[in-house]
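Here's a quick briefing on a protein model. Take a look at the structure, then read on.

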Amino acid sequence: MKIKVATILVLVLFSAVTVLAQSQPVPLVSLPLSPDAVSPEGESFRLTLHGTGFTASSVVRWNAISLPTHFVNDGVLYAFVPGALVNSRGTASVTVFNPNGGQSNVTFFTVHSKSDNFVSARTDIPTNSYSQVPTLVDLNHDSKLDMVIAETGTDTISVAMGNGDGTFGAPVRYATDSMPQLAIAADFNHDGKTDLAVPCYGSNTILVFLGNGNGTFQPPIRYSTGIAPTYGLAADLNHDGNLDLVTVNQGTGTISVLLGSSNGTFGASTDFSVGLNPTWADIGDFNGDGKIDVAVSNFDSNSLSILLGNGDGTFQSQSTYPLAAGPGSVFAADLNGDGRLDLVIANQLANSVSVMLGNGDGTFGSRTDYPV
């Protein structure tokens, strides 16, 4: 009997440790990195990252190279970048990896001289009709950026592999549902290969293409969303170590949340109300509670919706802020270096950009508009 009891206790303890080990969140890195660029002089430096979901076992990666990492708290890490990694011009991908939670979103770090001239001759890459903003991501882990382009007019996405010199190979196309939008690139099933999620405006769906690791993809899995999803995001909203999906739905004035599983599948969508004709969103921890929040721009109601996260994949009712006419894209970043996320919104009809400084408690100050 003692042996059986001991065996049961060991199994229970092992199960508890296993559950605990799998409960680390997928980290989220907020912009900007500090610093976000250096000159190619080969000097080592300290890189500071802000975000959420960091743990004592988090590791900062530079082009997949693990760096010596220091944990400050769940929203701050710093790492030491050796000079050998910055002795020539180029762009590095910077991520945070949680051993039991997966890899963060990709941020970019530039190594360049102040005298560098960034203007060069244009190179055109043929796409099908009504191509959307491209998604830049290293699909085959060769340290060269590739492109994924949603082609709304032909219900396809194009994948063009990068050559590492600013040129790209011939695009390979994959059929989608009606009117695909900007693709989301992430590892949804924890196999170390980049997958894609593509909102489809005309069919009220989001398609998930699991990657093969070489720049090709498996046939898509289809999930329903609210009406007319125009934009999407991936983040670990409930801190279970799996990425979840958020879509911005123009037709219903909502965002849809689809909670993810470790095998790359997603549950049924849950909708949360925002303003009229929402067009864009960004995420971050706006109130410093370690939970991911969402900011949504609403084109027809000229407003911004802030939805504070509860940490379980649900959100509190929106708080709204007035904006100039026709707000489009919105981005979160710490603009003034106070450790609080601020917001930048492009106003399409007002020909202006609005800046709203964050107070650190989930609220934002009055906007300042800049004409463009």
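A residue counts as buried at under 20% relative accessible area, exposed at over 50%, and partly exposed in between (1.4 Å probe, protein chains only). Strands (E, at least two residues) are DSSP runs, numbered from the N terminus. Keep in mind that this is a predicted model, where local features need pLDDT of at least 70, side-chain atom pairs count only at pLDDT 80 or more, and totals for chains, interfaces and linings use all residues. Residues are numbered from 1 along each chain as its sequence is written, and side-chain values use heavy atoms, leaving out hydrogens and water.

**Strand 19**
- Six of the seven residues of strand 19 (residues 229-235) are buried, so the rest of the structure largely encloses this strand.
- Strand 19 runs antiparallel to strand 20 (residues 244-249), and six bridges join them; two strands pair if DSSP finds at least two bridges between them.
- Leu 233 has Val 246 in strand 20 as its bridge partner.

**Nonpolar cores**
- A nonpolar core is a set of buried Ala, Val, Leu, Ile, Met, Phe, Trp, Tyr and Cys residues joined through side-chain atoms within 4.5 Å.
- The largest one has 34 residues, and Phe 286 and Met 356 are among those with the most contacts inside it.
- Strands 19 and 20 are among the strands that each supply at least two residues of this core.
- A second, separate core has 19 residues, including Phe 45 and Trp 62.

**Asn 98**
- Asn 98 lies in strand 8 (residues 90-98) and is buried, with a relative accessible area of 0%.
- Leaving aside neighbours within four places in sequence, Asn 98 is in contact (heavy atoms within 4.5 Å) with residues including Gln 24, Thr 55 and Ser 58.

Definitions and conventions
Helix = DSSP H or I, 4+ residues; strand = E, 2+ residues; numbered from the N terminus.
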